[in-house]
2 protein chains.
Amino acid sequence: MTAKANRLQHVQEYYFSHKLREVRQLKAEGKAIINIGIGSPDLDPPISVSRAMVNTIEQNHIHGYQSYQGLPEFRDAISKFYLRKYDVTLNPKNEILPLMGSKEGIMHISMAFLNTGDQVLIPNPGYPTYTSVTNLLEAKPVYYDLNDENNWYPDLEALSKTDLSKVKLMWINYPHMPTGKNATKKLYEDLVVFAKKYQILLINDNPYSFILNNNPLSILSVKGAKEVALELNSLSKTFNMAGWRVGMLLGSALNINTVLQVKSNMDSGMFYGIQQGAIAALQTDDSWFRNLNSIYEKRRKIAWEIADSLHCTYDKKASGLFVWAKLPKGKNAEQMADNLLYDYDVFLAPGTVFGSNGEGYIRISLCVTEEVLNDVLHRILKDKN
Amino acid sequence: MTAKANRLQHVQEYYFSHKLREVRQLKAEGKAIINIGIGSPDLDPPISVSRAMVNTIEQNHIHGYQSYQGLPEFRDAISKFYLRKYDVTLNPKNEILPLMGSKEGIMHISMAFLNTGDQVLIPNPGYPTYTSVTNLLEAKPVYYDLNDENNWYPDLEALSKTDLSKVKLMWINYPHMPTGKNATKKLYEDLVVFAKKYQILLINDNPYSFILNNNPLSILSVKGAKEVALELNSLSKTFNMAGWRVGMLLGSALNINTVLQVKSNMDSGMFYGIQQGAIAALQTDDSWFRNLNSIYEKRRKIAWEIADSLHCTYDKKASGLFVWAKLPKGKNAEQMADNLLYDYDVFLAPGTVFGSNGEGYIRISLCVTEEVLNDVLHRILKDKN
């Protein structure tokens, strides 16, 4: 038997992975479990996306290897989208790298810049993949606290007082998952100053900009940001294309080229039809965003009622695909999640999935229909009355 | 400026990358360059593949995240294909891992098993990605010689006399690229014995089985092979789907699960429509292979004439997408490639792209039409007469 690499010693089974196994088991036993735990959009992409795939798929000579950098017209479409939506100018020749989903970008960036033992600033709470990729590369996750009192923003003053000499990368993610907190231009400006001072490469993971948010912001809109910041973005949430695996990395030509050195050695360009679908998505007109958000608004209203029924509080200005609900004082997140699962057959995410600062919170997904959310609400209310 | 990771110090620009830049420059100057250097299939996939994509793309609810392990029916189709074509039994539940191309599998496997400083046996000549991925993980490539005198097979006796104590993985690749040499069952048996003796994990990269070859062989057909061997396979060459990015890893449940631990932390499952296309491809009937190979046979005949015109010799029993032609004694591979480029406007690969043992050889691709190959032939003959 060949031993695993040491890097796998740190990798734990994801909470969702073993919990969803339990959910499947409960379903097999006949329980009608409702899953409001996962952030996978249930809605369909713009119809133009599927049409673009169909229109191109039966052409000849579109089945061969594609460039690592993607089609020039795809990079053009990304560049125009960033200008139109974020007021950010990107050179499509060398400041844009299409990715097969932004998740793979987390690995590519980490491989491009991290040596064994380098430190990486990671938000707590935050997306667990920042930690697992850092561990896979035998670099060291250093968590920075986010909490309600500080608006779910990093306390840069407190961070400045710590030893940052070994920190190479800092992951930020606004609109923030799981809390839904939006950045401000001021926050991004402060982060860029901080990164310059301590020579840290910032990466803003920005897939939630367009969900329940009227003011999409890119960190690259800050003057001088490209010198110290990269941004990841994705079509998964914006255009309901999670399964298509289309993401992108934006930043300086120098940094993009460094990441490309990694990527070109481990995969190949994405399928032509997928790139054509992505171009169609990026060209969708603004009514798309209004329609999408009107659906999520209706769902969120019910999710808020669910939170109310559990005596939780929440931020009505939060963005993104989730309601991040604060439990009544003294309640434990995983305990609450288990209660909901065993008492009401409802599966959702305890805040601790995203780090210790998620204690006392639960996360409700908006990726299910109003009908399903109403069903959850009624299960809880019925029991209370 | 954020410094690159040390791992990128070893990564060199690929020969093709800078040479193709020169080719583009020559084209821009008005030269009618013919490219017979690259192994990207120019033919189209079975029509059923595109139809499967079209049939599924406009369905609802196929746009979300897919499982890391792929659809059960996709793994079933792979299992049936392996049984039908290689007489190898694989449990679709846990002995098959779909990949977005077998190239990414080289990285996933290496990450799953290699620690810094571990040694990796790599064929010389061979596919350059084995080396670049090994370097990216700061493991150490140890080349084993392949040459004409030893049938392009590893000399396991000679290898046994070297210090193998730090060797963790061994890459093999039959039908071999660039030479087109086929394995025998005996070779695979010897390799399995060797791997067991020295506790090395063998990986057979097997994408060329069905090209100009009537006897596809899998290393997993050797009794007990699963204990020490993994196999990579791909639809790129077999079904002309290089751009679709569909590959697969086959082996023991234990090893597959180790690789899955890496993969699940760095990407997500492949697009539903692509999986449906892949299923359709795997179900294609045997006339596909006969038709495909009758095209390649006609092309190869002309490629042989090109080799003759350059006074080269070659193995008429070779498989795969290339003719591997031995230059007349004393001729240098890169010099010959440059002569062909500058004198005849023909771009092809010097054998040294694949390692030092490629000196004295050139590689002619069969991924162009008979017309194009005839054009190359006439350019050379015209000059000689």
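1. Domain bounds here come from an automatic or database domain assignment. For chain A, that assignment gives domain 1 (6-44 + 287-384) and domain 2 (47-282). The centres of domain 1 of chain A and domain 2 of chain A, taken over C-alpha atoms, are separated by 25 Å.

2. A word on the model and its labels. This is a predicted model: local features need pLDDT of at least 70, side-chain atom pairs count only at pLDDT 80 or more, and totals for chains, interfaces and linings use all residues. Residues are numbered from 1 along each chain as its sequence is written, while chains are lettered from A and ligands numbered from 1 in the order in which they are written.

3. Now the domain contact in chain A. Domain 1 of chain A puts in 28 residues, and domain 2 of chain A puts in 28 residues. Two residues are in contact if their C-beta atoms, placed from the backbone, lie within 7 Å. On the domain 1 side, helix 10 (287-309) and strand 9 (322-326) of chain A are the elements that give two or more residues. Helices (H or I, at least four residues) and strands (E, at least two) are DSSP runs, numbered from the N terminus. Helix 10 of chain A gives the most to that side, with five residues. By class, the domain 1 side has twelve nonpolar, ten polar and six charged residues. Ala, Val, Leu, Ile, Met, Phe, Trp, Tyr, Cys and Pro count as nonpolar, Asp, Glu, Lys and Arg as charged, and the others, Gly among them, as polar.

4. Next, the chain interface. 59 residues of chain B are in contact with 59 residues of chain A. On the chain B side, helix 2 (47-57), helix 4 (102-113), helix 5 (128-136), helix 8 (253-263) and helix 9 (272-282) each supply at least two residues. Helix 4 of chain B gives the most, with six residues. The chain B side has 30 nonpolar, 19 polar and ten charged residues.

5. How are the two chains related?

6. Which helices of chain B pack at about 145 degrees? Helix 2 and helix 9 of chain B do, with their axes 8 Å apart. Axes are lines fitted to C-alpha atoms, for helices over the stretch in contact, and angles run from 0 to 180 degrees between N-to-C directions. Helix 2 of chain B contributes residues including Ala52(B), Met53(B) and Ile57(B), and helix 9 of chain B contributes residues including Gly273(B), Gly277(B) and Ala280(B). This contact of helix 2 with helix 9 of chain B has eight nonpolar, five polar and no charged residues.

7. Helix 4 and helix 5 of chain B pack at about 35 degrees, with their axes 10 Å apart. Lys103(B), Ile106(B), Met107(B) and Ser110(B) of helix 4 meet Thr129(B), Tyr130(B), Val133(B) and Thr134(B) of helix 5. The contact of these two helices divides into four nonpolar, three polar and one charged.
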